[in-house]
Amino acid sequence: MTDTTPHRRALADRLAKAGVLSDPAWRAAVEAVPRERFLHPGVFLPEDGGRWRPVTAPDAEIAYSDESLTTQLDGHLTADRSTDLVTGSPTSSSTTPVTVVGMLEHLDVRDGHSVLEIGTGTGYSAALLCHRLGEDNVTTVEVDPGVARRADDALEAVGFSTWTVTGDGLLGYPHRAPYDRVIATCAVRRIPYAWVRQTRPGGVVLATVGSWGYGTGLAKVTVGEDGTAAGRIVERSSFMQARAEAAVPVSGDLSARTAYADSERAAELPPTLLAEWMPAFLAQLAAPDAQFVHAMTSDGAQLRYLFAPERESFAEFTATDDGWTVRQGGPVALWDDIERTLLAWKAAGSPDITAVRLRITREAHHYWIDGEPALNWQHGPGRVS
Ligand SMILES: C[S@@+](CC[C@H](N)C(=O)[O-])C[C@H]1O[C@@H](n2cnc3c(N)ncnc32)[C@H](O)[C@@H]1O
């Protein structure tokens with residue numbers, strides 16, 4: 001490939017213009033790290049109909065595009081293994097630089113800081129960290145052995161012999177703890193306490209929390225002397241889910257799964273509100289294990305569902321001429337909980353996601369919005385309470 005220095009400078013300019021790159025040290029990293037070297041053996045570009053086109057030698061235009069570049073589908077397929085258009089779900093990628101660099105700026109690193117990254121992916125973001133902090137100060141954990149090996153090779157090839165570890169990043173990496181910073185480039189249902197425990201007092205953990213493909217937020221918490229961590233959601237953020245936590249999509253005969261309801265009523269708010277980012281985030285706080293499912297009857301009528309299989313509960317919504325009817329079944333009335341939250345949120349003036357605060361202890365995860373007692377959620381360890 002040709003010398004990509006001009007492309008890197010142009011990328012840095014675009015990131016600066018977009019307001020995500022201001023620190024000269026990160027600018028130097030963006031200008032130095034060749035993203036194309038982290039795209040071996042190729043990428044999948046999106047095509048119509050949810051299909052992907054494999055490209056084994058992405059040119060500089062692709063490598064420096066402002067896009068996330070998918071590098072693996074369905075946990076195994078790489079671009080060199082396919083010639084035709086393929087279908088599949090992305091399981092590894094090089095995150096779009098605007099997201100990566102925006103997160104790195106949020107991380108507030110200082111010289112000499114030691115950083116744990118969860119979700120090595122291609123190794124591009126790890127390379128930026130190595131450039132900024134030195135290879136010995138970076139530990140990066142990737143759950144997929146093939147992805148980890150390719151990232152390690154790419155990092156070595158550009159001159160960084162860093163600590164690329166294969167393992168489940170939800171456990172952190174205690175052997176190199178304590179860290180000054182922990183950053184996750186996959187989404188987690190909630191920040192594992194192991195990350196808090198492995199961070200020095202005063203250190204920061206930065207991760208996207210939530211389990212839907214949207215309606216997720218970037219949590220930034222600072223670890224205290226007492227082993228708890230507190231902070232807030234700093235912005236909207238979206239990432240592929242940590243593998244161990246990826247929800248199994250609810251499928252099969254939905255009418256059979258909702259055959260027996262305990263209650264039926266008119267919904268006060270439309271479930272279509274959950275298509276919006278903040279209501280979706282709030283729904284995940286009110287009913288953390290629920291999945292939101294869209295469907296249509298054979299005659300074209302709209303249906304929506306909430307399913308919480310672990311709690312054997314569901315809500316089924318049917319569009320009527322006057323609004324929506326909700327049928328709820330199982331021990332937890334999911335829509336009652338979510339609707340109550342959404343009504344309280346509207347009554348509070350519909351605050352933005354950045355109003356959400358959180359505190360993590362060994363025992364619980366507590367989220368709230370200041371001054372709003374009805375916007376307050378406590379989740380216990382293990383299963384959500
Ligand atoms: C969006 S990619 C990371 C992008 C990467 N930072 C880059 O710049 O190329 C997310 C990665 O997280 C990895 N991952 C998912 N679950 C994980 C887990 N539990 N522990 C460690 N890595 C995980 C995936 O295999 C995937 O490679």
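Mentor: In this predicted model, the buried residues of helix α10 are Leu334, Trp335, Asp337, Ile338, Glu339, Thr341, Leu342 and Trp345. An α-helix has 3.6 residues a turn, so residues three or four places apart point the same way. With that in mind, compare the positions of Leu334, Ile338, Thr341 and Trp345, which are among the buried residues of the helix. The list also includes two acidic residues, Asp337 and Glu339.

What covers these buried residues?

Just after α10, the backbone of Gly349 takes a positive phi of about 90°.

For comparison, let us turn to a strand. In β6 (138–142), five of the five residues are buried, so this strand is largely enclosed by the rest of the structure. In a regular strand the side chains alternate between the two faces of the sheet. In β6, Val138, Thr140 and Glu142 lie on one side, while Thr139 and Val141 lie on the other; both faces are covered.

Strand β6 also has partners. Strand β5 (residues 115–118) runs parallel to β6 and is joined to it by four bridges, with Ile118 standing opposite Val141. Between β5 and β6 the chain passes through α5, and this β-α-β crossover is right-handed. Strand β7 (residues 163–166) is likewise parallel to β6 and joined to it by four bridges; here Val141 stands opposite Val165. The chain goes from β6 to β7 through helix α6 (residues 145–157), and this β-α-β crossover too is right-handed.

Strand β4 gives the most, with four residues. In total, 27 residues surround the ligand, and the closest are Ser92, Gly119, Gly121, Gly169 and Thr185. Sorted by class, the shell has twelve nonpolar, eleven polar and four charged residues.

Conventions: Residues are numbered from 1 along each chain as its sequence is written. This is a predicted model: local features need pLDDT of at least 70, side-chain atom pairs count only at pLDDT 80 or more; totals for chains, interfaces and linings use all residues. A residue is near a molecule or strand if its C-beta atom, placed from the backbone, lies within 6 Å of it. Ala, Val, Leu, Ile, Met, Phe, Trp, Tyr, Cys and Pro count as nonpolar, Asp, Glu, Lys and Arg as charged, and the others, Gly among them, as polar. A residue is buried if 20 or more other C-beta atoms lie within 10 Å of its own, exposed if 12 or fewer, and partly exposed in between; C-beta atoms are placed from the backbone. Two strands pair if DSSP finds at least two bridges between them. A crossover is right-handed if, with the strands pointing away from the viewer, the path from the first strand over the helix to the second runs clockwise.
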